[in-house]
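User: Could you take me through the aromatic rings in this one? I'd like a close look at how they sit together.

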Amino acid sequence: MSTKGAAAAYPSAARISDSPCYLQYSASLKCLEEFGSDKSKCQDHFDVYKECKKKEREARLERNKTRSLFS
């Protein structure tokens with residue numbers, strides 16, 4: 001099995017910029033830069049990002065239910 005074939009099956013698995021949550025991720029980082037790494041001031045951004053990642057994971061699990069490893 002070649003690495004190239006595996007990459008084609010999951011083209012965006014390793015790139016955060018391909019994630020539906022990229023905007024929330026970026027906002028969290030921007031907040032940290034703005035407030036000098038004071039995490040307490042960025043908690044709202046973290047919560048929004050965490051919720052997005054949760055929904056992204058749930059959607060991925062739902063998609064995977066319909067896929068077969070043997071097809």
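**The aromatic cluster**

Analyst: Let's start in helix H2 (residues 22-34), which holds both Tyr22 and Tyr25, three residues apart, or about one turn of the helix. Helices here are DSSP runs of H or I with at least four residues, strands are runs of E with at least two, and both are numbered from the N terminus. A quick note before we go on: this is a predicted model, where local features need pLDDT of at least 70, side-chain atom pairs count only at pLDDT 80 or more, and totals for chains, interfaces and linings use all residues. Residues are numbered from 1 along each chain as its sequence is written, and side-chain values use heavy atoms, leaving out hydrogens and water.

Back to the rings: the structure has two aromatic pairs. In one of them, Tyr22 and Tyr25 are tilted, 6.3 Å centre to centre with 35 degrees between the planes. Rings of Phe, Tyr and Trp (its six-membered ring) pair if their centres lie within 6.5 Å; planes under 30 degrees apart count as stacked, over 60 as edge-to-face and the rest as tilted.

How covered are they? Tyr22 is partly exposed at 33% relative accessible area, and Tyr25 is partly exposed too, at 28%. Buried would be under 20%, exposed over 50%, and partly exposed is in between (1.4 Å probe, protein chains only).

Tyr25 also forms a tilted pair with Tyr49, 5.9 Å centre to centre and 50 degrees between the planes. This pair links distant parts of the chain, since Tyr49 sits in helix H3 (residues 43-65), 24 residues from Tyr25 in helix H2. Put together, Tyr22, Tyr25 and Tyr49 make one aromatic cluster.
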